[in-house]
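I opened my notebook to record what I looked up in this structure. The entries follow in the order in which I made them.

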Amino acid sequence: MTLSVTDCLLRSYADHLAIEDYEGGVPRWCTGCGDNAVLAALQRLCRDEQLAPERTVFVSGIGCSSRFPHYMNTYGFHGLHGRALPVAEGIKMRRPDLHVFVNTGDGDCCAIGTAHWIHAIRYNMDMTVVMHDNHIYGLTKNQMSPTSPKGLPSNTSPRGAHIEALDPLTVTLAVTNVSFVAQAVDWMPGVLNDLVSMAFHHKGFSFVRVRQRCPEYLPDYFEPWMQDPGRVRLLTHEDGIEPTPELLRAYPNHAPHDPGDLAGAREIAACPDPIPVGVLYRDDDVPCYEDIRDPGHRFSPDDIERAFNAELDRFTIWPEAAR
Amino acid sequence: MSDVSAELGRFHLLGPTSDADPMATSGLIPALLAPYRDLAALRYDYPLILTDEPPYARCLSDVVNDVLRQLAPPGAAGERLRQHVLRLERELRRLLARGRRGALGELWDLAAKVLVAESDEAQADALEASFDEAKRVLEVDGRIVDCDGEVGSVVVEHVWQAVCRRSSRDMGRRIDELALGLSGILQADELRSGAGLSPEKLRASLGGDHRSSFDFESWSEIAGTSSTSPTLSDARRRRIREARAVLRAQRFFPLADDDDHAAPTTLDRFRFARCADAVEAFTERRRAMAEAIRAMAIAELELANRYREADHDPFFAQFDEGSLSPEDVALFPSYLVCLTDRDLDARETARLIDVLGSDAPIIVVVECRDALGGPPPMSGATPGLAGPQLARLAIGLGQAFVLQTASSNLPRMTERIGDGVAASGPALFSVFTGSTDDAPSLPPYLVAAAAMRSRCFPAFCYDPGAGPDWADRFDVELNPQPDAVWPTDVLVAADAELQRHAETVAFTPIDFAALDRRYARHFARVGDRSDDMAPADRQLEADGAAAPTVPYVLMAGDDGGLERVVVDRRLIRLARRVGEVWHSLRELGGIHNSHARALVATERATWEEQHTAEAVGDAGPVGDGPAGDAPTVEVSEPSADETPDERVTGEPFIETARCTTCDECTKLNAKMFAYDDNKQAYIADLGAGTYREMVEAAEACQVAIIHPGLPWDPAEPGIDELVARAAEFNAA
């Protein structure tokens, strides 16, 4: 809630932030890396929404994409491998007024961070999670990841991956309280922008998987999809992507999909080729954990100290009482 | 014409000719009301259980039905429990009729105790078990109220309290958060200051066992010199402290640590018995309201890190009560004034009109006890502008939320009352209670329902915040059968041969007047039926004095027997006047609107004229012109130069909208290629690079959106090979 007078003053003397105001350090990613497209999309989102940098936090784990917070001129937390989500949840719990984003890779999210990922979906806290999925560990130099397709050779699987890949979409859609799931590809920047914007505006845990290129270790992996627009299936709906005529001409394989249809979303996710792009599922009515646990008021430092002392006192032996 | 008919005709035309009329309607009530004479035996809209959340009130019958749906399965299995609980509901109604008041749970226990005490020992245990089981699944509790003379103000006050408590609680939390946030800024500043980094403070921040291991003097010295964070300016620190002090001192909203500020007692300061007192209190408190809003705005700007002293200091320096907007005022509790129509003397009426014409957040509830006014010659003109006239006048003022209803209809109005209470600006709730000394023999609920049904006290709602026009703002659909002039019902009775006889009967203001002993002399009982009579509603439809027969209404005696009662002409005139008011309300509500009807008629006439003309035109050529003389459109062939894409094929270009910001081209030549405002690549300066670089950029581009075109310097080395390499990307 903001008073009308505050709102008027903010609008009267508003600072317009340009995209450069959200740029942090110079990215060290390889040229051609899909992470650049995600960075540009999120910087555009911040600019378009005029998010106050001091009220915005990007949290990440470990991996190429997890260098993301360094490149944003906002608050950031470059954390431990697989632990981006619990950190983000802690931030949201304590400071629900902040805009919380999480950047996590396919290894960070779907391998070491799987337990946190599953329960973060279930907790449905209001944050935007972008999963950068390039199907390979790039930072550790070409190692197999949980989303590497069967047969993909890598330094850790020189004869090719032995088992089928884990599908982040089908897993997410199967978890209790799932509330927003979308998929983008980095070579469709307009759609990527729209999807991260929709994810940002969704109240709850918004999960956007971005299929993206690794020009260093899998330079040709996505070529068949990039060269053949028919192998991208654009999901259209008034509650999802509303495509322009130009986009429909460029991507002739498009089909309406109601994001409220969970069973339909699961069917779509189960068919990874052609790559579905758009909002697979959204449910705006799933409650957020921070709202469920909202005590109704903020605690002052004195309140916290009192509660802390009271808790510790339970384990204290008081000499007076002992006598 | 028989003597009886002639006498009735004279009564109709001349009215009562003596003070003591032998044919008065004592003991009779309108036939349509007869089945409801004993309300205690019926399940109907009352009593109500008042709740804190919307819809703010539940009917006892609905609550009991919910209980039975949960506990008593259909059929014989649940029949015993169903009967027990329904008995308890009847006992509850009886207790209320005898004047007992309290919360539902409390009265439930009392009614259960009475029934158990009355029953024999064998049945007592079963009854007690049923009542306990049912009480366990009761989902609501709250004060229980019956339809009496005060129910209007009780319900409106309850809704007002619920709405104000909720909004005050939210505002209190918000103010707590703001004050806490301001404290956080000051605390952070203190921690960074020299005092915060003093050896004493640092010593106090460390646990006892390890305290001796540290040199706090050195720590303080190092921390003091290495701290680069600027501390707050004196002006900012003072501003934050002042704003926090105002927020903590305000008395409008309860704060978390404010034990003396319990919400129920706080609202007592906002309830008044006269409009003048409410206006005075509101005026007096505006300064404190402005101070609170000013402190909140400063706090919000400070916490958003957006306070600009150069711009905002002058603004806040002159912020006073005149700066409050209606949105600001709406954040504070509104002021409630409870009146009866007897309070509305000329002075209070003038004050009330002032209030309703202002933007003050003053909620006025007026309980009306007279919907009809005195008998002729003053009928329909209640003294002091009360009754149904008050709300109609308030609509004309345009600013106030206005709701008029009979108390019988209140159970369906509680959410609308909530809307009116929550709306910014004044509100008027005019409620006809049905509790009047002039109809003592009937329960108030029945009198109130009759007033609304007869159109003497129609229900309507005017909400100026609901939209820009009358269709959004005004609603008369709350009345029974709003499309009809007079609502009708089928009356089933036994005729002289004891055969079932069904008749459609209208309920008019004459039926309502028949409940009022002040009008008793204007009715005459008919011993035998006469063929020269017609129902009064038919007389009302007829054109004034041209009515051919003597009008009557059907009434029922204590034994349920029906008889016709003749009505005098003055009552017919009164009913016509009520009908005209009802007609004008319906027009405002868009029902049978005369402007709309006229417009439709005009449009229909225009359409029929056009339709006729087209029919004549289709029949054949009328003019002198030759057939096939229609104007032709010249279509020119597109010239070879005008291709859809006018791009010069030799010019290099980038499909910027498809750029994925992969840095390939910008790293190759950051002067030739640059990013636009959306961080997507475009050719910034063709002269800053070579054709070779352009072709290499096209080859490196991950999404193949760079089209090199033709070389701009034919002398560039290796140009033929570059053109061949570029061909692939130009074709794309």
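Which residues in α11(B) meet which residues in α14(B)? I noted first that the model is predicted. On the α11(B) side I found B:Cys275, B:Ala276 and B:Val279. Their partners in α14(B) are B:Glu348, B:Arg351, B:Leu352 and B:Val355. I sorted the residues of this contact by class and got 5 nonpolar, no polar and 2 charged.

Next I looked up how the two helices lie. Helix α11 of chain B covers residues 275-303, and helix α14 of chain B covers residues 346-357. Their axes are 9 Å apart, and the helices pack at an angle of about 40°. Angles under 35 degrees count as roughly parallel, and 65 to 115 as roughly perpendicular. I therefore wrote down α11(B) and α14(B) as oblique to each other.

I then turned to chain B as a whole. I listed 25 helices and 22 strands for chain B. The chain has 732 residues, and 37% of them are buried. I also looked up contacts in chain B between residues at least 6 apart in sequence. Of these contacts, 71% join residues at least 24 apart.

My last entry is on the two chains together. How many residues of chain A are in contact with chain B? I recorded 31 residues of chain A in contact with 37 residues of chain B. On the chain A side, α1 (4-12), α2 (35-49) and α7 (189-201) each supply at least two residues.

Note on methods:
Residues numbered from 1 in each chain as written. Chains lettered and ligands numbered in written order. Predicted model: local features only at pLDDT ≥ 70, side-chain atom pairs only at ≥ 80, totals over all residues. Axes fitted to C-alpha atoms, helices over the stretch in contact; angles between N-to-C directions. Helix = DSSP H or I, 4+ residues; strand = E, 2+ residues; numbered from the N terminus. Parallel < 35°, antiparallel > 145°, perpendicular 65-115°, else oblique. Contact = placed C-beta atoms within 7 Å. Nonpolar A, V, L, I, M, F, W, Y, C, P; charged D, E, K, R; others polar. Buried ≥ 20, exposed ≤ 12 C-beta atoms within 10 Å, placed from the backbone.
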